[in-house]
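This report works through the local backbone, the strand pairing and the nonpolar core of one model. Please keep the sequence and the structure in view while reading.

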Amino acid sequence: MHDRFPILTWHSINVLENTYAGSDLIAFAEDLQLLDSLGWTMLPLQTALDQLAHGKLPSRTVALTADDGSRMDFEEFDHPTCGPQNSMVGLMREFLSATDHRRHQLHLSCFVIASPEARAELDRTDYMDLDVWPDRWWRPANESGLISIENHSWDHNHGSLARTVQRENRRGDFRWIETFEECRAEVDQASDYIETTSGRRPAFFAYPYGQASDYIRFDYLPRRGPDIGLKAALGCEPEPVTLASDPWHLPRYVCGRDWKSPEELASLLRNL
Ligand SMILES: [Zn+2]
């Protein structure tokens, strides 16, 4: 398996109860232990891609990502029904202090929604004004060395927003982002804001809902992505990354969809 590696994805906003199936935070903590105990090596996404390209990928390599960018990626949070929650970065630090981690370069690529207005509106409409989408943690996250803040679009073309950048205000599906102006608003504008706020320009874009129009995938990003600092884009097809993968639609596995228990993750990894 030197010719392929999986990218795994969690959503720290998915906390409904304090069980593996009910909390991506609990799943993430257990999955770190599982990956280590099964002999997998955790590398930063960029490092894994570089080593794959140069034929130097270690056997059983995995890259870790998180989507949507809730504060639970980086800050402890007092959840209204589940109580105090450690953050993803806190769980990474616990793993590092409890494990002989020398073969890993533990790192999480966090894909955040850029627009402050969209995040504030989502907080009101879907998250009971809990203030789960601030961006004050982006810069310290980048400075932590454990996290890179990456681009998950300007407004996710999210179905819960009253208005998005989509030209006809068709929301809830990212395949409707299919003109130059829409792509510029969803991708370039987001990278600009994230760079200003976090101190680092994103190198990766993750398609909201894992969806991409033909225009953004085959035209806009291949043509314009490198000029605006992007190296690749990530979808959610459940496959390993290989040299044959489209760099503007890299596949990923998603916790809760592609595995719901440590046993299912172990089985998924065995069958790569
Ligand atoms: Zn998302």
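## The loop between strand 7 and helix 6

His-156 is placed in the loop between strand 7 (147-151) and helix 6 (180-198), where helices (H or I, at least four residues) and strands (E, at least two) are DSSP runs numbered from the N terminus. The model is a predicted one, in which local features need pLDDT of at least 70 and side-chain atom pairs count only at pLDDT 80 or more, whereas totals for chains, interfaces and linings use all residues. Residues are numbered from 1 along each chain as its sequence is written.

The phi angle of His-156 is near 65°, a positive value in a residue other than glycine. Asn-169, which also has its place in the loop between strand 7 and helix 6, has a positive phi of about 60° although it is not a glycine. Is each of these residues, His-156 and Asn-169, buried or exposed? His-156 is buried because 26 other C-beta atoms lie within 10 Å, while Asn-169 counts as exposed because it has 12 C-beta neighbours inside 10 Å. The terms rest on C-beta atoms placed from the backbone: a residue is buried if 20 or more other C-beta atoms lie within 10 Å of its own, exposed if 12 or fewer, and partly exposed in between.

## Strand 3 and its partners

Eight of the eight residues of strand 3 (residues 61-68) are buried, so this strand is largely enclosed by the rest of the structure. Strand 3 pairs with strand 1 (residues 7-10) in the parallel sense over four bridges, pairing being assigned if DSSP finds at least two bridges between two strands. Within strand 3, Ala-66 stands opposite Trp-10.

Strand 2 (residues 41-42) runs parallel to strand 3 and is joined to it by two bridges, with Val-62 of strand 3 as the bridge partner of Met-42. Five bridges join strand 3 to strand 6, again in the parallel sense, and Asp-68 stands opposite Val-112 in strand 6.

## The nonpolar core and Met-88

The largest nonpolar core has 75 residues, and those with the most contacts inside it are Met-88 and Ala-233; such a core is a set of buried Ala, Val, Leu, Ile, Met, Phe, Trp, Tyr and Cys residues joined through C-beta atoms within 7 Å. Not counting residues up to four places away in sequence, Met-88 touches Ser-12, Leu-25, Phe-28, Ala-66, Met-72, Asp-73 and Leu-108, contact meaning that the C-beta atoms, placed from the backbone, lie within 7 Å.

## Thr-99

Thr-99 lies in the loop between helix 3 (88-98) and strand 6 (108-112), and counts as partly exposed because it has 14 C-beta neighbours inside 10 Å. Thr-99 and Gln-33 are 66 residues apart in sequence and 8.6 Å apart in space, C-alpha to C-alpha.

Definitions and conventions:
Two residues are in contact if their C-beta atoms, placed from the backbone, lie within 7 Å.
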